[in-house]
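Please look over the structure below.

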Amino acid sequence: MRTLIFRTAVPYLASLMILFSIFVLLRGHNEPGGGFIGGLIAASAFAIYGIANGVAPVRRAMHFHPMSIAAAGLLISSISGLVSVFAGVPFMTGLWGSIYILGEKIKISSILFFDIGVYLVVVGAIASIALALEERERE
Amino acid sequence: MAGSSEAEIDLTPAMNLEPVPLLDWLIIMPVAWCIVIGTFLLMMRKNTAQQHLVAIPAMAVQVLITAGLLSQIIINGPTTMVMGRWLPPFGIAFTVDILGAVLAFTAAVVALACTIYGIKDVNHSGRRYGFYSFLFLLMAGVSGAFLTGDIFNLYVWFEVLLIASFGLLILGSEKGQLDGATKYAFLNLVATTLFLIATAYLYGIFGTLNMADIALKIAQSDGTLPLNTVAGLFVLAFVMKAAAFPVNFWLPASYHTPRVVVSALFAGLLTKVGVYAILRVYTMLFSLQREALEPTVNIDALSFAVAIVACLTMLLGAIGALAQTNVRRLLGFLVVSGIGMMLIGVAIGTREAIGGTIFYAVHSILVMTALYIAAGMAAKLCGGAEDMTKIRGIYQKNTLLAAITLMLFLAVAGLPPFSGFWPKLMLVKASIELIIPWWAPFSILLTGFLTTIAVARVWALSYWKPEDDAEDMAETEKGNGALGVSDFVPLIALTIIVVAVGLFPQSVFELAYQSAEQLINPVAYIESVFGSEVVE
């Protein structure tokens, strides 16, 4: 698969896919999308990058080990459930707030952080599996 | 997330608007805490030298959390927290009664012992592959299963603990481990699928998954619903998880392959989750319908089948133990035998019998874990040998270990004054009192006898009998050096608990009876979910 065309196209393709995955993640709040599907898109971006350039550059590009990314995601998700203790409501109750960025009102909720956690879990877990499989193939 | 078309719907009628007391958070904390610590350990899994410094205090905190939960439940009765503020039965409820709290507490104690024992037993590569994070995720699954009040959520926690247990089982990636893990994984996946199918049927019948809601609807049912089929499916699935005859073969085939600490943890916890699920679903939910239909002391067909399975399981376990020479395999059969003992109480179904089952479950969690740890230490003394014929003269080498093991052996055989005696007494008494064939109490007693022979054989051969040829002292010295404080502390602590429960069984008796009462007549359980006006 290491053709010149593929290798040249993949960095643009992968960065577009990751951008799109973040869009899908944030869109998922009120419309179809969300952390799980966003995470899958991002993981496939890493996978095709690995197919084109080998696994080592992907691992370098990800900086953290994929399993650590997944663990961090699970940690963010559980903490987003735990913060409702301060509001006197049960575990996993959605809490809402809003911030203003450039005069635009943006709603922020604990659900959003839960979803980001899901995104990271999926990215980490799937990328970890995909990279391990690609590594084996090369041996 | 830009909410352009957000319709303003008033959700307050569907929500619980009362503020939640801070103490109610104890219900969810055992699970949330384990997940948080487990993920944290996963992130620092490269720092193998520091992991236990986080894991041991964290597991101690888990023991404190569950102890606090238990004392809360004893004082206030069953308590419920519905996630996300939704009203039951729509929100996922965590409902804790004494049974769940007692088991969660015992599990945490055992897990703490295993965390400490793991310091020496799990090497750096095992830690790198995530021993401690799997341990915490397993505990999240186990605690979640004990505390949840929603039957589909129970399924989810089963999956969580199953996946964590796969990871623990193949921690060394040896050939035997993969072989054991394949059998374990296959049969457990079949059981989980059956559980899911049964849950789907139940949902199809009642349209609800909340256990308290199901209990209410079963109590009001008119006897035309196919409840026995569903109950049978549930029992089959859970019996597989609990490793009862004839679906027990995965347990002796897999429990001797992983690291000792993993076997110890599994033997203590996993099968008991299956027994707990039977108690929760079969005894609490489906007995309501049986009582409504035929309020006699006669035992119904399904319970009769469970009784037969129970007797065969305990006898097969004891006979299997007699036939083994590998000590860890032998212990695996003793776990199976104990499952039979617990199931006979479920089959009888009276307050006394259920109490006996719960007491036995607590005893079995403590004793089986301690026994696996003791067997692992004996193997360390003899250079890693696990065969009875290769382990020799433990009494000579380390008298303390031999003495502790003898106590544990007597406890698992059910001899007084150790913890195994009292639940057995309760079960025999209950089975004689109820109209149940003579073979039930007979097989309990016969199992006790056979188990005594099986463990006495190990002790006489491997512990008591001195080494034939005068082996050089250097090796003995080396073997003794292999045992450290982190080996003895958990073993001695668990043994002290076992002896204390045997000598002062009164408080455990009371807890077991109270939880049996709550299971057989779950009014308080239902009230804690729906409020007192629903139950007439």
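## Basis

Helices (H or I, at least four residues) and strands (E, at least two) are DSSP runs, numbered from the N terminus. This is a predicted model: local features need pLDDT of at least 70, side-chain atom pairs count only at pLDDT 80 or more, and totals for chains, interfaces and linings use all residues. Residues are numbered from 1 along each chain as its sequence is written, while chains are lettered from A and ligands numbered from 1 in the order in which they are written.

Two residues are in contact if their C-beta atoms, placed from the backbone, lie within 7 Å. A residue is buried if 20 or more other C-beta atoms lie within 10 Å of its own, exposed if 12 or fewer, and partly exposed in between; these C-beta atoms are also placed from the backbone.

## Chain A

Chain A holds 5 helices and 2 strands. Their order along the sequence is α-α-α-α-β-β-α. The C-alpha atoms fill a box of roughly 55 × 30 × 25 Å along the principal axes.

Chain A has 139 residues, and 38% of them count as buried. Take the contacts in chain A with a separation of 6 or more: 69% of them join residues 24 or more positions apart.

## Where the chains meet

The interface brings 19 residues of chain B into contact with 22 residues of chain A. On the chain B side, α1 (29–43) and β1 (79–82) each supply at least two residues. α1(B) gives the most, with 7 residues.

By class, this side of chain B has 14 nonpolar, 3 polar and 2 charged residues. Ala, Val, Leu, Ile, Met, Phe, Trp, Tyr, Cys and Pro count as nonpolar, Asp, Glu, Lys and Arg as charged, and the others, Gly among them, as polar.

## Two strands pair if DSSP finds at least two bridges between them. B:Met81 stands opposite B:Phe94 in β2(B). In a regular strand the side chains alternate between the two faces of the sheet. B:Thr79 and B:Met81 point one way from β1(B), B:Thr80 and B:Val82 point the other way, and all are buried.

The loop between β1 and β2 of chain B contains B:Arg85. Phi of B:Arg85 is near 70 degrees, a positive value in a residue other than glycine. B:Arg85 counts as buried because it has 23 C-beta neighbours inside 10 Å. B:Pro89 sits in the loop between β1 and β2 as well. The peptide bond from B:Pro88 to B:Pro89 is cis, with omega near 5 degrees.

## Core and helix packing in chain B

A nonpolar core is a set of buried Ala, Val, Leu, Ile, Met, Phe, Trp, Tyr and Cys residues joined through C-beta atoms within 7 Å. The largest has 238 residues, and B:Ile344 and B:Ala374 have the most contacts inside it. Helix α14 (residues 351–381) of chain B gives the most to this core, with 21 residues. Beyond four places in sequence, B:Ala374 touches B:Leu401, B:Ile404, B:Thr405, B:Leu408 and B:Leu491.

α14(B) packs against helix α20 (residues 485–503) of chain B at an angle of about 145 degrees, with the axes 9 Å apart. Axes are lines fitted to C-alpha atoms, for helices over the stretch in contact, and angles run from 0 to 180 degrees between N-to-C directions. From α14(B), the residues that meet α20(B) include B:Leu366, B:Ala370 and B:Met377. Among their counterparts in α20(B) are B:Leu491, B:Leu494 and B:Val498. By class, this contact has 12 nonpolar, 3 polar and 1 charged residues.

## Individual sites in chain B

B:Thr199 lies in helix α7 of chain B. With 20 C-beta neighbours inside 10 Å, this threonine is buried. B:Thr199 touches B:Ile151, B:Phe152 and B:Tyr155, not counting residues up to four places away in sequence. B:Val230 is 31 residues from B:Thr199 along the chain, with a C-alpha separation of 8.2 Å.

B:Leu171 occupies the loop between α6 (151–169) and α7 (175–206) of chain B. B:Leu171 counts as buried because it has 22 C-beta neighbours inside 10 Å. Leaving aside neighbours within four places in sequence, its contacts include B:Tyr129, B:Phe131 and B:Val262. B:Ala243 is in the loop between α9 (227–242) and α10 (250–254) of chain B. Phi of B:Ala243 is near 65 degrees, positive in a residue other than glycine. B:Ala243 is buried, with 29 other C-beta atoms within 10 Å.
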